[in-house]
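Visitor: I'd like to learn how to read helix packing and cores. Can you walk me through it?

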Amino acid sequence: MPTRTHSPLRAAVLADSDTRWKWGALTAHRLITGTSDSASDAGRGAREAELDGYLLRGRATPTVRQLAEVGVRARQLREVTGAEFVTAVDRDRYDVIVLSCVGGAVQAMLHGLARAWAGHARRPVVVTGYVGVVYEKLADGLLLRHGADVVLANSRHDADRFRDVYTGVGASPESVVECALPFLGGAPYDERARRTRRYPGGTVVFAVQPSVPDNRADRTYLLRRAVEHARKNPDREVLVKLRSKPGEHTTHIEELPYQKLVAKLEGGTPENFRLAYGNMGEVLDTTDLLVTVSSTAALESLHRGIPTAVLTDLGIREVLGNHHFLGSGCLASWDELDAGYLPEPDPGWVARQGVAVGDAYRTAFDAARARVAALAAADRLPPPAPYYTPTTAPGYLPRILGRYGFQPDGTPRPGAAPDAAAAGGLRRVVRNTMREAARGAYRHGVQRVAPVIRRMGEL
């Protein structure tokens, strides 16, 4: 790998959803330039970065609209299978590879890259991590990510937990590095700004999640309470911030889109209530109260000092993820919000959870950047060595590798990574058409057929 002292640094990001593309691309920029890719970072003297994007083909592969909404630029974007990525990524071209995928995909790429790079002294530094709050499958997700050179933890709390898991199975915890979420930022909250808006009572944003809660009754309840809050507070604007349009998929499957639920609400909605898309950072620019069940948007809101409420209406339960906010000072119900309550976050909790207010955020990636730079400058890096091997997990690993087109030894299955030239012309058209048809059938099954079968099962 050539010396990068004066040349633009180069990174490749593999992502499997819109949210993970956002995390992976911004993380790459933070690691190799010290900034995000936002306009606010322009002109600050940061080194130029070359970023190539690879989108892992699957049910959640982001659409053009979703990529545009994320707003992160790349020199080029290419859709690939797992086996195609391992074959296509050039170890001599990149300084850093960021694997921003589900744990199983990360594990498969680590084995595939280890096999592809065997016998070579120089290679890119491999980085992975989590898009947001880690409130479930801690051991499973972490062990699937073991083998990367750097496993990023978004907070001190997560870093301690990650190291405990690795130490507990006898794996090295050295790869764990504390940082923060790469998409925090934006202007600090200014309460005075709302006085010049159409609704002087401010803007309340309900940040919804695709799979939390996961049933019609609870989702309809939360939607109805948001509408009622708008009716009770005509001087306030109430927005329901949506993640995707019907038919699109995000990191999690959304079987019951709020767009469809709102159309069935009795009595309609008041003038000061509306559904909203768009970049979360831009939405937060005009938010005066952020309400959610457990969305990572709560951390973005807290970072800016925006009043933030984590709903308790459906209980505080692990399945909802709001148990993560125990001790935060942000737990509240719609009844309390209707009565005018504004939660006040606990400073100690905020500091432990990587919200990184003020100067702390400017240095949050220093340790990770230094680790990546030191590894990239090394004369030799051994191939990735995941904890899971055919010896340690013979009943688990082959299934994971097979799901992404690899054999148990990490080599691509025959035909899983076709030659690019062979995939041209009519063959490419047919393959793309079949893939889109399969995606359409999958989405129809998730959003139409599955709910009907579930209801029939409850009869």
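Guide: Start with axes: these are lines fitted to C-alpha atoms, for helices over the stretch in contact, and angles run from 0 to 180 degrees between N-to-C directions. Helices themselves are DSSP runs (H or I, at least four residues), numbered from the N terminus. This is a predicted model, where local features need pLDDT of at least 70, side-chain atom pairs count only at pLDDT 80 or more, and totals for chains, interfaces and linings use all residues. Residues are numbered from 1 along each chain as its sequence is written, and side-chain values use heavy atoms, with hydrogens and water left out.

Visitor: At what angle do α5 and α6 pack?

Guide: About 75°, with the axes of α5 (residues 138–145) and α6 (residues 156–168) 10 Å apart. That makes α5 and α6 roughly perpendicular (65 to 115 degrees). In contact (heavy atoms within 4.5 Å) are L138, A139, L142, L143 and R145 of α5 with R161, F162, V165 and Y166 of α6.

Visitor: And which residues touch the most other members of the largest nonpolar core?

Guide: Such a core is a set of buried Ala, Val, Leu, Ile, Met, Phe, Trp, Tyr and Cys residues joined through side-chain atoms within 4.5 Å; buried means under 20% relative accessible area (1.4 Å probe, protein chains only). Here, W21, V127, L152 and L299 lead among 47 residues. Helix α1 (residues 18–33) gives the largest share, 7 residues. A second, separate core has 43 residues, including A12 and L401.

Visitor: How many residues of α10 are buried?

Guide: In α10 (residues 297–304), 8 of 8, L299 and E300 among them. Just after α10, G305 takes a positive phi of about 85°.

Terms used
Buried < 20%, exposed > 50% of the residue type's maximum accessible area, 1.4 Å probe, protein only. Helix = DSSP H or I, 4+ residues; strand = E, 2+ residues; numbered from the N terminus. Parallel < 35°, antiparallel > 145°, perpendicular 65-115°, else oblique.
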